[in-house]
Amino acid sequence: MSRFDFLKDKVREYPTQSGVYLMKNSLDKIIYVGKAKNLKSRVKSYFTDSKDHSPKTRLLVQNIHEVEYILTKTEVEAFLLEASLIKKYRPKYN
């Protein structure tokens, strides 16, 4: 099973709650931070047909080795957490 397929399978188990997702490269470095009203749906969208993705997003997806998430109670909380994590980690693709 490829890394891409492994991640795609893993995302099927994600919750449908709001939260923030952290995409990491092979060195375990955070390369992208995003927020979602529905984590499962949003993260799953990265692993669908890439012809709809921008060149930047395609490059990001090629470098994803792990995706983690942090659940939040509200969308507003996810928005604030995303902003603080981007400021803290300065991910390459944000």
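Is Glu82 buried or exposed, and what is its relative accessibility? At 13% relative accessibility, Glu82 counts as buried, where buried means under 20% relative accessible area, exposed over 50%, and partly exposed in between (1.4 Å probe, protein chains only). This is a predicted model, in which local features need pLDDT of at least 70 and side-chain atom pairs count only at pLDDT 80 or more, while totals for chains, interfaces and linings use all residues. Residues are numbered from 1 along each chain as its sequence is written, and side-chain values use heavy atoms, with hydrogens and water left out.

Side chains of opposite charge can pair when their charged atoms come close. Five salt bridges are present in the structure, a salt bridge being a side-chain nitrogen of Lys or Arg within 4 Å of a carboxyl oxygen of Asp or Glu. One of them joins Glu82 to Lys35, with the closest N and O atoms 3.8 Å apart. Because Glu82 belongs to helix α4 (residues 75-89) and Lys35 to strand β2 (residues 30-36), this pair ties together parts that are 47 residues apart in sequence. Helices (H or I, at least four residues) and strands (E, at least two) are DSSP runs, numbered from the N terminus.

Lys24 meets Asp28 at 3.7 Å, N to O, and pairs with Glu68 through N and O atoms that are 3.2 Å apart at their closest. Lys24 lies in strand β1 (residues 19-24) and Glu68 in strand β3 (residues 66-71), so their bridge links parts that are 44 residues apart in sequence. Lys24 counts as buried, at 10% relative accessibility, whereas Glu68 is partly exposed at 32%.

The surface comes next. Val76, which sits in helix α4, counts as exposed at 56% relative accessibility. Together, Val76, Phe79 and Leu80 form a nonpolar surface patch with about 320 Å² of accessible area. Patches are made of residues with over 30% relative accessible area and no salt bridge, like charges being joined within 9 Å and nonpolar side chains (Val, Leu, Ile, Met, Phe, Trp, Tyr) within 5 Å. Accessible areas come from the Shrake-Rupley method with a 1.4 Å probe; for residues, only the protein chains shown count as cover.

Asp52, in the loop between α2 (39-45) and α3 (55-63), is exposed, with a relative accessible area of 64%.
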